[in-house]
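Here is a short report on one protein model. Look at the picture first, then read on with it beside you.

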Amino acid sequence: MDLIHKVLNIVLPPITLILLLLFLPSFLFFKLISRIKRSINSEVVAGKVVLITGASSGIGEYLAYEYARRGACLALAARRQERLRAVADKARVLGSPDVIFIPTDISKVEDCERFINEAVDHFGKLDHLVNNAGIVQVDMFEDCKPISDSATLTNTNFWGSVYASHFAIPHLRKSKGRIVGISSIAGWCSVPRMSFYSASKAAITSFYETLRAEFGSDIRITIVTPGVVESEMSQGDSASKGQMDFVLAESTERCAKAIVDSACRGDRYLVEPSWARITFLIKVLCPEVVEWWLHSMIEKILCFEHLAYEYDRRGACLALVGRSKESLTQVAAMAELIVAPFLPIPRLSFYDASEAAVYSIRIRISEIGITIVIPGLIKSEMTREKILNQQVKLELKEEMRRVNFHSHDTITYLEVVFNFMLPLITGLNCLLGNDKSDGSRVHHRVCQSNCRWCMPSIIYFKYFCPDTVEWSNCLLLILTISI
Ligand SMILES: NC(=O)c1ccc[n+]([C@@H]2O[C@H](COP(=O)([O-])OP(=O)(O)OC[C@H]3O[C@@H](n4cnc5c(N)ncnc54)[C@H](OP(=O)(O)O)[C@@H]3O)[C@@H](O)[C@H]2O)c1
């Protein structure tokens, strides 16, 4: 068995690449035709019932207006009742025949159940569920204290969408409806200081992809990954702490229109703005470069903060300038602590509208080595007992099982770049001084285990033709169930 894996490790990556190159042109042509067909037969949502979470501001608010212009009936959910009322009034003016709003905290399962039930009781059906509500938290991981507070974010961004989908699914099945899931580019291009946000978005994308394979054509799912969009989230205090100012922001209205167009067209994925898709390609092909860039960006930000402390240590009077008063207050508090025993407390002034980046958090992630492990199917209690025996009741002979579940020692490194690019990337890393011999960096190396072959194959196909991966997943599910 080990020999088979050794051979596959060598042979499969180049074969996959060649197959992909041969397959890609016809696949892209097929996709183009399919998109034209879907654009022509775009769904008309007039009179249909659309539920939108997080409709009190930002993308959700503009989604409500866009659906309203097309004549859809709306059920709007969020926590701020007065904001919802104002959005509902405007949606009626824009053309929605019937709008209700239901104050809801989607991080609570009972609220989600009530919201869906009230909406279905009122309208009698449900056609689109737009899982949009979300929050952001901008902090270095080590400063997330108490750590249990961070659960609020995952409860909203991940569990909120899961709960709403759970209660909506029986109604969506009846109407052959659609789920529109708002994820984020941060789900694949992880942004420093937003570890929980990025993780929650990666989790929700993966959740929807799995549902899509399970539902097939019964319930369609459009996964939306916006870049930076103008909203309270991207322009509030948290965002200024995360330094999103330099990123080109998309207008909320244009983003909402693109989302509704895409949902009506029946797209599986939407990246908005579409140029942002390139970040995924770069991340897949050379993750080291992306991480190096993100890390140097954060070091630059931290450098300003350290500059403040350094002046502070030398007894200078400080005028701290930045957009976020909250961050400036934290730096000021820290500055007071530094000089308090020896020097008079500096004078601190705050000015609101400036580009200066002065922050209170100063943890250097470069000092910790992180190894990312993506195992394939590993023989363990989880896979043997839970996946095989309980869920799909698949009984295989031992020899057959061994084909799928190879014995596994330890997978220490992950291969995500082409083998031939590794020396180049590693060399670049050394030149830039990012590679330390003590192994204290984030590593992406050739996977040492005997299932090395499966990663590049899955990742290449998943990026270039995600539909194919989903079809094969569906097929696999049908096959295993029929066995
Ligand atoms: N803006 C961007 O750059 C960007 C980029 C990528 C992805 N996204 C995603 O797009 C979605 C919308 O974000 P946005 O930019 O429009 O931000 P936003 O203006 O802050 O809107 C967030 C919405 O979510 C609602 N919400 C938050 N927590 C909730 C809870 N526990 N229960 C119910 N509703 C809740 C808020 O309403 P209440 O406060 O009234 O409850 C608000 O209506 C989010 O999922 C976000 O992750 C945004």
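Cysteine 189 is buried, at 15% relative accessible area. Buried stands for under 20% relative accessible area, exposed for over 50%, and partly exposed for what falls in between (1.4 Å probe, protein chains only). Cysteine 286 is buried as well, with a relative accessible area of 15%. A disulfide is a pair of cysteine sulfur atoms within 2.5 Å. By that rule, the count is zero disulfides.

The model is predicted, so local features need pLDDT of at least 70 and side-chain atom pairs count only at pLDDT 80 or more, while totals for chains, interfaces and linings use all residues. Residues are numbered from 1 along each chain as its sequence is written, and side-chain values use heavy atoms, with hydrogens and water left out.

## The sheet

Helices (H or I, at least four residues) and strands (E, at least two) are DSSP runs, numbered from the N terminus. Two strands pair if DSSP finds at least two bridges between them. Strands of a sheet pair through backbone hydrogen bonds, either parallel or antiparallel.

In what order do the seven strands of the open sheet stand? The order is S3-S2-S1-S4-S5-S6-S7, and the pairing is parallel. Strand S3 (99–103) and strand S7 (269–272) are at the edges, each with a single partner strand, so one side of each has no neighbour in the sheet. On average, neighbouring strands of this sheet are turned by 15 degrees against each other, direction ignored. Axes here are lines fitted to C-alpha atoms, for helices over the stretch in contact, and angles run from 0 to 180 degrees between N-to-C directions.

Now take S2, residues 73–78. Five bridges join S2 to S3 in parallel. Alanine 78 stands opposite proline 103 in S3. S2 also pairs with S1, again parallel and over five bridges. There, valine 49 has cysteine 73 of S2 as its bridge partner.

Is S2 enclosed or open? Six of its six residues are buried, so S2 is largely enclosed by the rest of the structure. Cys73, Ala75 and Ala77 point one way from S2, and Leu74, Leu76 and Ala78 point the other way.

Five of the five residues of S5 are buried, so S5 is largely enclosed by the rest of the structure. Arg178, Val180 and Ile182 are on one side, Ile179 and Gly181 on the other. S4 pairs with S5 in the parallel sense over four bridges. Leucine 129 has isoleucine 179 of S5 as its bridge partner.

## Helices across the strands

Contact means heavy atoms within 4.5 Å. Helix H2 (residues 58–69) lies across several strands, including S1 (49–53), and runs at about 170 degrees to S1. Helix H3 (residues 81–94) lies across S2 and S3, at about 170 degrees to S3.

## Backbone details

The bond joining lysine 145 and proline 146 is cis, with omega about -5 degrees. Proline 146 sits in the loop between S4 and helix H5 (151–175). The bond from glutamate 272 to proline 273 is also cis, with omega near -5 degrees. Proline 273 lies in the loop between S7 and helix H10 (278–285).

Next come two residues with positive phi. Lysine 176 has a phi of about 50 degrees although it is not a glycine. Lysine 176 is in the loop between H5 and S5, and is exposed, with a relative accessible area of 53%. Arginine 193 has a phi of about 75 degrees, and it is not a glycine either. Arginine 193 is in the loop between S5 and helix H6 (195–215), and is buried at 6% relative accessibility.

## Around the ligand

A residue is near a molecule or strand if one of its heavy atoms lies within 4 Å of it. Around the ligand there are 30 residues, and Arg79, Asn132, Tyr197, Val229 and Ser231 come nearest. A polar contact is a pair of N or O atoms within 3.5 Å; within protein, one must be able to donate a hydrogen and the other to accept it, and residues adjacent in sequence count only if both atoms are side-chain atoms.

| Residue | Part of residue | Ligand atom | Distance |
|---|---|---|---|
| Isoleucine 106 | backbone | nitrogen | 2.9 Å |
| Tyrosine 197 | side chain | oxygen | 2.5 Å |
| Serine 231 | side chain | oxygen | 2.5 Å |
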